Amino acid sequence: MLHWKSRRLLTRAFPARSAAFPKFDVHQPGRPFRQLLFRNARRGPRSRHGWESAMFRNILVHIPSERPVRAVIDVAIGLTIERRSHLDAVAIGYESMSSAGMMVDGSGAAVALVMGAEQERAQERANAAISVFEIEAKLAKVAYGTRAITAIPAEAGPAIGALARLYDMTIVLQPDSANFSFDNHIPQEILFNSGGPMLMVPYIHKGPLDVHHIGIAWDGSRLAARALRDAMPFLMGAKAVTVIAVNEEAGEASSDQLVSHLARRGITARVQRVTVERGDVQGAILSIAAESNMGLLVMGGYGHSRLHESILGGVTRGMFDSMTVPVLMSH
């Protein structure tokens with residue numbers, strides 16, 4: 001924590017900054033992608049695939065500045081091509097305030113010099129992350145925008161959570177508890193503050209997203225229902241859908257009733273029930289996903305309480321820590 005003298009010096013050197021990010025640097029797709037858009041527009045809305053592709057047309061992806069980025073970039077660009085979407089990428093370089101905190105008796109000019117150098121280093125990290133994304137986006141000839149910004153960690157989370165509210169879906173990389181990084185906190189901020197679906201990609205994932213077989217973690221709750229609705233564009237195009245009911249109790253929104261409702265949308269689903277100890281729920285869901293070769297899980301994102309939603313619930317925390325398949329979460 002900064003000494004009070006350093007805080008005063010820092011405030012003089014750096015007036016309060018707006019938490020809003022600068023505008024995106026937008027790039028239009030090349031000719032092949034434009035031709036694809038035109039051909040599909042001429043086909044009209046007759047096919048179900050055409051309808052589902054109209055969803056998720058505006059996607060945001062967070063590109064970590066302190067971790068490997070290949071997994072999340074491959075999924076984001078693959079979905080952008082498949083859905084004929086616009087993709088915006090944001091990378092954050094995190095500024096450390098520890099150097100300023102050590103300068104208790106330093107002058108305002110000295111503090112400004114130290115913090116200015118730190119901001120430059122943070123900007124370099126953000127630019128490097130975005131450059132990796134841009135190489136792949138240009139090769140794929142997709143429409144995309146980029147932002148490479150700097151922020152202190154306390155500002156970064158709320159700002160990107162607010163930014164994500166403008167998008168149909170936000171793609172993030174799974175946190176890695178073995179490697180400390182402020183990037184690890186971004187998925188939680190987006191889940192609880194964006195108001196929309198978040199697609200979290202395992203850091204061990206390779207290649208694009210496979211949505212041929214989708215699993216729905218269903219407990220009849222409001223959050224599970226929200227995630228189900230948000231995932232509907234994926235479910236409409238899936239070849240197989242499995243409703244995973246763990247420790248299911250009788251209720252109005254049972255897994256069997258869910259299957260009937262999905263059938264009215266033309267989605268054929270089956271139910272797989274399992275009974276396990278309360279602490280084994282997340283493991284049971286992932287085991288079923290692995291055994292059935294699912295490419296995507298759909299589930300609600302839970303907090304421990306309404307007063308402290310920044311604290312993840314047990315199953316959600318377990319999925320953050322040890323997921324092996326991409327997960328679409330909504331809160």
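Author: Let's start with Phe133, which has a relative accessible area of 0%, so in this predicted model it counts as buried, the cut-off being under 20%. Phe133 sits in helix α6 (residues 108–140) while Tyr144 belongs to strand β4 (residues 143–151), so the pair ties together parts that are eleven residues apart in sequence. Tyr144 is buried as well, at a relative accessible area of 2%.

Phe133 also turns up in the largest nonpolar core, a set of 52 residues. Those with the most contacts inside that core are Ile63, Phe133, Ile171 and Phe234. If you want to know who gives the most to it, that's helix α4 (residues 70–83), with seven residues. There's a second, separate core too, made of 36 residues, and Val90, Ile92, Phe192 and Met294 are among them. In general, nonpolar side chains in soluble globular proteins tend to be buried together.

Leaving out residues up to four places away in sequence, Phe234 touches Phe56, Leu79, Arg83, Met169, Leu209, Val211, Ile214, Leu296 and Leu328. The model has four aromatic pairs in total. One of them joins Phe56 and Phe234: the ring centres are 5.0 Å apart and the planes stand at 40 degrees, so this pair is tilted. Phe56 comes from the loop between α3 (48–53) and β2 (58–62), and Phe234 from helix α10 (residues 232–237), so here the pair ties together parts that are 178 residues apart in sequence. Phe56 is buried too, at 4% relative accessible area.

There's a ring cluster to look at as well: ring pairs link Tyr94, Phe180 and Phe182. Tyr94 leads us on to a histidine, because it is one of the residues in contact with His62. His62 is found in strand β2 and is buried, with a relative accessible area of 2%. Apart from neighbours within four places in sequence, His62 is in contact with Val72, Val90, Tyr94, Ile160, Ile171, Val172, Asp183 and Ile186. With Asp183 there's a polar contact, side chain to side chain, at 3.5 Å.

Strand β2 takes us to the sheet. Eleven strands make up an open sheet with mixed pairing, and the order runs β1-β4-β3-β2-β5-β6-β11-β10-β7-β8-β9. The edge strands, each pairing on one side only, are β1 (25–27) and β9 (269–274). From one strand to the next, the twist averages 20 degrees. Look at β7 (residues 213–217) and β10 (residues 296–300): they pair in the parallel sense over three bridges, and Gly215 stands opposite Leu297 in β10.

Those two strands also have a helix packed on them. The buried residues of α12 pack against β7, β8 (240–246), β9, β10 and α13 (314–322). The buried residues in α12 (residues 281–291) are Val281, Gln282, Ala284, Ile285, Leu286, Ile288 and Ala289. After the helix comes Asn293, whose phi is positive, near 55 degrees.

Note on methods
Residues numbered from 1 in each chain as written. Predicted model: local features only at pLDDT ≥ 70, side-chain atom pairs only at ≥ 80, totals over all residues. Heavy atoms only, no water. Pairing = 2+ DSSP bridges. Helix = DSSP H or I, 4+ residues; strand = E, 2+ residues; numbered from the N terminus. Axes fitted to C-alpha atoms, helices over the stretch in contact; angles between N-to-C directions. Phe/Tyr/Trp six-rings, centres within 6.5 Å; stacked < 30°, edge-to-face > 60°. Buried < 20%, exposed > 50% of the residue type's maximum accessible area, 1.4 Å probe, protein only. Contact = heavy atoms within 4.5 Å. Polar contact = N/O pair within 3.5 Å; in protein donor to acceptor, adjacent residues only side chain to side chain. Core = buried A, V, L, I, M, F, W, Y, C linked by side-chain atoms within 4.5 Å.
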